[in-house]
Amino acid sequence: MAAKIAYDDVEVGTELPAQTFPVTRATLVRYAGASGDFNPIHWNEKFAKEVGLPDVIAHGMFTMAEAIRVVTDWTGDPGAVVEYGVRFTKPVVVPNDDQGALIEVSGKVAAKLDDNAVRVDLTATSDGQKVLGMSRAVVRLA
């Protein structure tokens with residue numbers, strides 16, 4: 001695969017299409033099985049509250065993975081991401097109901113770099129709270 005976005009067609013300030021990702025308890029169970037992270041804060045409400053959390057929370061790496069989808073969907077090539085990092089600022093609280101939680105992600109080109117690369121800054125929120133800080137990806141474009 002190759003990035004479908006051309007470097008010359010992108011400017012600083014270019015906004016990526018925002019996306020919203022639903023998260024339910026079932027999503028967390030599936031992710032736990034795939035990742036091997038069965039920490040009870042991600043599936044056991046009683047345990048999560050005993051350790052001071054408001055409820056079950058999504059895995060940080062799951063949240064991070066959902067956020068980068070805005071970039072990979074935009075480029076059309078997950079391999080175009082050459083660097084990615086975040087700081088976890090708030091947990092994504094996932095209630096035990098039919099709705100779950102939403103992770104809302106937007107992105108903007110913050111810098112044009114050498115070698116057809118750009119830095120994309122992402123904003124990820126859930127329930128009105130910023131859940132990832134310093135969320136940045138370096139992406140090599142066509």
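I looked up phenylalanine 62 and found it buried, at 8% relative accessibility (buried means under 20% relative accessible area, exposed over 50%, partly exposed in between, with a 1.4 Å probe and protein chains only). This is a predicted model, in which local features need pLDDT of at least 70 and side-chain atom pairs count only at pLDDT 80 or more, while totals for chains, interfaces and linings use all residues. Residues are numbered from 1 along each chain as its sequence is written, and side-chain values use heavy atoms, with hydrogens and water left out.

Aromatic rings. I searched for aromatic pairs and got 1. Rings of Phe, Tyr and Trp (its six-membered ring) pair if their centres lie within 6.5 Å; planes under 30 degrees apart count as stacked, over 60 as edge-to-face and the rest as tilted. The pair is tyrosine 31 with phenylalanine 62, edge-to-face, at 5.4 Å centre to centre and 70 degrees between the planes. Tyrosine 31 belongs to helix 1 (residues 25-35) and phenylalanine 62 to helix 3 (residues 60-75), so the pair ties together parts 31 residues apart in sequence. Helices (H or I, at least four residues) and strands (E, at least two) are DSSP runs, numbered from the N terminus. I noted tyrosine 31 as partly exposed, with a relative accessible area of 21%.

Charge over a ring. I found lysine 112 over the face of tyrosine 7, at 4.2 Å from the ring centre (the criterion is NZ of Lys or CZ of Arg within 6 Å of the ring centre and within 35 degrees of the ring normal).

Strands. I checked strand 5 (residues 129-140) and found that it pairs with strand 2 (residues 81-88) in the antiparallel sense over 6 bridges; two strands pair if DSSP finds at least two bridges between them. Valine 81 has valine 139 of strand 5 as its bridge partner. Strand 4 (residues 117-126) is also antiparallel to strand 5, through 9 bridges, and alanine 124 stands opposite leucine 132 in strand 5. The hairpin of strand 4 and strand 5 has 2 residues between the strands, and aspartate 127 there takes a positive phi near 55 degrees.

Lysine 46. I located lysine 46 in helix 2 (residues 45-50) and read it as exposed, with a relative accessible area of 59%. Its side chain makes a polar contact of 2.6 Å with that of glutamate 50 (a pair of N or O atoms within 3.5 Å; within protein, one must be able to donate a hydrogen and the other to accept it, and residues adjacent in sequence count only if both atoms are side-chain atoms).
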